[in-house]
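Visitor: I would like to learn how to read this structure feature by feature. Where do we begin?

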Amino acid sequence: MPIFHQRFEGRTNQGQEVPSAIAWLHIGPRIQVLIGVHSALEKALAAESKPVPVPLPGLALIDTGATKTSIDLGAATKLGLAPTGVIKLGTAGGAQDAPTFAFSFQLPSFPRLDSPQGVGCNLAGQGIIALIRMDLLSRCLFVLNGPDGSFTLAH
């Protein structure tokens with residue numbers, strides 16, 4: 001079973017070390033990921049002898065408060081992903097339509113995971129490339145240790 005464990009080490013803007021639990025509050029559970037094309041698209045491209053886009057590295061925020069995993073719209077464009085549909089999102093500003101995309105995630109020490117209907121969102125301004133939500137987390141063990149400022153993912 002692949003296991004990933006991360007503990008946050010925090011620093012202020014002045015470089016002073018802060019306890020992990022404090023750093024946790026400011027950045028949340030973030031993990032380095034690779035975002036790529038869905039495995040079905042990769043197979044189709046390979047069968048046609050077409051190049052497969054290189055996966056994009058970035059940070060993903062674990063978000064247990066929502067259902068559908070999300071990908072940054074800019075990343076979807078760079079990967080050449082075509083929208084697979086539209087979904088209605090409930091946001092603080094009201095309901096809005098958002099495109100969906102099929103893509104893949106590569107988490108450290110995990111096998112590649114496909115997301116068949118990820119939501120396209122503007123995430124780059126938050127310094128992240130994706131939001132890992134319950135559709136992906138439901139396939140994993142997720143342990144959040146707030147006092148320690150750490151989390152563990154197992155698949």
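**Reading the model**

Guide: A search of the whole structure finds three aromatic pairs. Keep in mind that this is a predicted model.

Visitor: What is the geometry of the pair formed by Phe 4 and Phe 151?

Guide: Look at ring centres and ring planes. The rings of Phe 4 and Phe 151 are 6.1 Å apart, centre to centre, with 50° between the planes, so the pair is tilted. Phe 4 belongs to strand S1 and Phe 151 to strand S12, so this pair ties together parts that are 147 residues apart in sequence.

Visitor: Are Phe 4 and Phe 151 buried or exposed?

Guide: The cut-off for buried is under 20% relative accessible area. Phe 4 has 14% relative accessibility, so Phe 4 counts as buried. Phe 151 is at 0% and is buried as well.

Visitor: Which other ring pairs with Phe 151?

Guide: Phe 142 does, in a tilted pair with 6.1 Å centre to centre and 55° between the planes. Phe 142 counts as partly exposed, at 23% relative accessibility. Phe 4, Phe 142 and Phe 151 make up one aromatic cluster.

Visitor: How should I read the sheet around these rings?

Guide: Start with the general idea. Strands of a sheet pair through backbone hydrogen bonds, in a parallel or an antiparallel way. Here, three strands form an open sheet in the order S1-S12-S11, and the pairing is antiparallel. S1 (3-7) and S11 (141-145) are the edge strands, each pairing on one side only. On average, neighbouring strands in this sheet are turned by 10° against each other, direction ignored.

Visitor: How many bridges link S1 and S12?

Guide: Five bridges, in the antiparallel sense, with S12 covering residues 150-154. One to locate is Ile 3, whose bridge partner in S12 is Ala 154.

Visitor: Where does Arg 139 sit?

Guide: In the loop between helix H4 (134-137) and S11. Arg 139 is partly exposed, with a relative accessible area of 39%. Its C-alpha atom is 9.0 Å from that of Ala 154, 15 residues away along the chain. Beyond neighbours within four places in sequence, Arg 139 contacts Leu 113, Asp 114 and His 155. A polar atom of the Arg 139 side chain lies 2.9 Å from the backbone oxygen of Asp 114.

Visitor: Which residues have the most contacts inside the largest nonpolar core?

Guide: Phe 105 and Ile 132, in a core of 28 residues. Elements that each supply at least two residues include helix H3 (73-78), strand S8 (94-106) and S12. S4 gives the most, with four residues. Apart from this core lies another, of nine residues, among them Ile 87, Leu 89, Ile 128 and Leu 131.

Visitor: Is His 38 buried or exposed?

Guide: His 38 counts as buried, at 16% relative accessibility. A polar atom of the His 38 side chain is 3.1 Å from the backbone nitrogen of Ala 40. Leaving aside neighbours within four places in sequence, the contacts of His 38 include Phe 103, Arg 112 and Asp 114.

Visitor: How many residues lie between S7 and S8 in their hairpin?

Guide: Two residues. S7 (residues 85-91) and S8 run antiparallel and are joined by seven bridges. To trace one, take Lys 88: its bridge partner in S8 is Asp 97.

Note on methods
Residues numbered from 1 in each chain as written. Predicted model: local features only at pLDDT ≥ 70, side-chain atom pairs only at ≥ 80, totals over all residues. Heavy atoms only, no water. Pairing = 2+ DSSP bridges. Axes fitted to C-alpha atoms, helices over the stretch in contact; angles between N-to-C directions. Buried < 20%, exposed > 50% of the residue type's maximum accessible area, 1.4 Å probe, protein only. Contact = heavy atoms within 4.5 Å. Polar contact = N/O pair within 3.5 Å; in protein donor to acceptor, adjacent residues only side chain to side chain. Core = buried A, V, L, I, M, F, W, Y, C linked by side-chain atoms within 4.5 Å. Phe/Tyr/Trp six-rings, centres within 6.5 Å; stacked < 30°, edge-to-face > 60°.
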